[in-house]
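Work through the exercises below with the structure in view. Try each task before reading its solution.

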Amino acid sequence: MQDQKEFFHFVETLHAENNKHNQVIGSGVYLYSFKFNPNISQEFYEGYLYFERDGQKVQNVAFVKVVGEHADVKAIEVFHRTRTAIDDVVLRPWTYLFSQQKDFSELPHDTELRKGIWSLCYDRFEHNLKDWTKLAKPKPKGIAYNDKLKLPIKTCDGRLNDFWRDSISELISGVGRIHSKGLYHGKLRLRSNYVFINECMKIINVEGSLDELKSDDERCTEKKKDIFDIFWMLDQVFQSLGENKNNWLECRHFFEFVKDSRTLKLRYDDFIKKVAGHPFLLSTDKRINLFDDYECKRTDETTGEDIKLVLGSSEFDTFKSWNNAFLASTGTSTNVDNFMLGVYNHGKYSGDVEDLLRYLRNLKHHYHQHGLAAGSMVDVDRGVSKHFGGFLELLYKKLEV
């Protein structure tokens, strides 16, 4: 339908022609308005939905433009698919609509509003990721942008900011849940499809239906593409904000893990589970627990030989004679270093990589028994990253793929 007038006429006709005794036909009406600047190109407009005549019941919204060929068909299709993808990571649209202004003399004749635009109406969001990246990008004159929740992405001790860790984890899991509903997004490379609302990151504009694809291979390809598109997007955002993953050890391991997973062509279910469970995206407790899990496997007769074979491979050569480097680097006498050194002196450890795994597992157990003087477990995790950076990520890569 071309516009709201046609829709109202359609409803009026149905109502007038309805002679059934068991069916009632009607419609709800709302008023909308949005602000615009004819001098700039915008991907969305801020505006309002009014549900009462006196304007008392109003909803702050954003009208996200739908562009390209057959925008009318696309708007309706994307609206219904996004509404169907009920999930915490998806921002549900209110409606879709066609807007055209013919009588506003101050509008240039070639403006899009004279031609008419299709849009999807969502709750008002703070920024989309594209606009936020522009704001947060370092400026030549050092103009500060104050967003303490999301910045810096990389903390001063080399860790992923909690907001981004939680958001990336939820994105991966949420997109997986969308796939389970028979949908896929299809455009997660575009930063304009990510929005910030109520201190959360959400996605908009779900485009694809898995049921319309011909084969299981095609469906698997589109599902994996959604996940890879998230990482392509993240890579672009990190680079824009000056965070080079090649100089960020844990981040580099994370992206390499995703790349290796793609090369090995893991089954989709295994792939998404292992990517979401990567140490880069885990809380401190879960990261430290991995040492416990791997040590249990090392000492188990059914899995021990496989673990020992991995730890003896050349990829772990940099961690051989780890104890000498560790003892030489714990001279700062911080609480964490004192705790880590105390655990080391409490046992007998060689320079074998197997003993490094045993030692890191023991850190957790000693901490829960009498290590509170070291500070929080987060402090201990920082100490592990400081002295044995990349070891956990390498373990995960070799043992999980």
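**Exercise 1: two packed helices**

The crossing of α12 and α13 is right-handed, a term for a near helix turned clockwise from the far one by less than a right angle, anticlockwise being left-handed. The model is predicted, so local features need pLDDT of at least 70 and side-chain atom pairs pLDDT 80 or more, while totals for chains, interfaces and linings use all residues. Residues are numbered from 1 along each chain as its sequence is written, and side-chain values use heavy atoms, leaving out hydrogens and water.

Task: describe how α12 and α13 pack at an angle, and which residues meet.

Solution. 
1. Two packed helices are described by the angle between their axes and the distance between the axes.
2. Helix α12 covers residues 335-346 and helix α13 residues 353-370. Helices are DSSP runs of H or I with at least four residues, strands are runs of E with at least two, and both are numbered from the N terminus.
3. The angle is about 110° and the axes lie 10 Å apart. Axes are lines fitted to C-alpha atoms over the stretch in contact, with angles from 0 to 180 degrees between N-to-C directions.
4. The two helices are therefore roughly perpendicular (65 to 115 degrees; under 35 is roughly parallel, over 145 roughly antiparallel, the rest oblique).
5. In contact (heavy atoms within 4.5 Å) are Phe339, Met340, Leu341, Val343, Tyr344 and His346 of α12 with Tyr359, Asn362, Leu363, His366 and Tyr367 of α13.

**Exercise 2: the sides of a helix**

Task: which residues of helix α4 are buried, and what covers them?

Solution. 
1. Helix α4 spans residues 129-136, and its buried residues are Leu129, Trp132, Thr133 and Ala136. Buried means under 20% relative accessible area, exposed over 50%, and partly exposed in between, with a 1.4 Å probe and protein chains only.
2. These residues are on the same side of α4 because their arc around the axis is only 100°, taken from the directions from the helix axis to the C-beta atoms.
3. Their cover includes β6, α5, β8, β9 and α6.
4. Lysine 134 is also in α4, but counts as exposed at 53% relative accessibility.
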